[in-house]
Amino acid sequence: TREFIFGKPSGFITRPAQFVTDGTDGRLFYVSVPGDLDEPGEWRLQAKVEVPGVGLFKTETCTFFVEPGIDDAPPC
């Protein structure tokens, strides 16, 4: 199992992660699709990898901000 866990202002969503190479470098990626980042505010992100027979591994949590879309932003 490889996934990204997004903590958005109203809850959590998970998305499947892919290895950048063969997985030995520990690097993962996910390409967001429209609707993923659907709430403005502070978000958190953590990656999780579960290797059968070995264990469950999680990254540190990072924080990022989603700004309102141009259609939702207040006037300047």
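Are glutamate 39 and lysine 8 buried or exposed? Both are buried, where buried means under 20% relative accessible area, exposed over 50%, and partly exposed in between (1.4 Å probe, protein chains only).

A quick word before you click on: this is a predicted model, where local features need pLDDT of at least 70, side-chain atom pairs count only at pLDDT 80 or more, and totals for chains, interfaces and linings use all residues. Residues are numbered from 1 along each chain as its sequence is written, and side-chain values use heavy atoms, with hydrogens and water left out.

Now keep glutamate 39 and lysine 8 selected: their side chains form a salt bridge at 3.5 Å, N to O. (A salt bridge is a side-chain nitrogen of Lys or Arg within 4 Å of a carboxyl oxygen of Asp or Glu.) Glutamate 39 sits in the loop between β4 and β5, and lysine 8 in strand β1, 31 residues apart. Strands here are DSSP runs (E, at least two residues), numbered from the N terminus.

Aspartate 38 is partly exposed, at 45% relative accessible area. Together, Lys8, Asp38 and Glu39 make a network of salt bridges.

Last stop: select aspartate 36 and arginine 15, a salt bridge at 3.0 Å, N to O. Aspartate 36 lies in the loop between β4 and β5 and arginine 15 in strand β2 (residues 11–16), so the pair ties together parts 21 residues apart in sequence. Aspartate 36 is buried at 5% relative accessibility, while arginine 15 is partly exposed at 24%.

Methods
Helix = DSSP H or I, 4+ residues; strand = E, 2+ residues; numbered from the N terminus.
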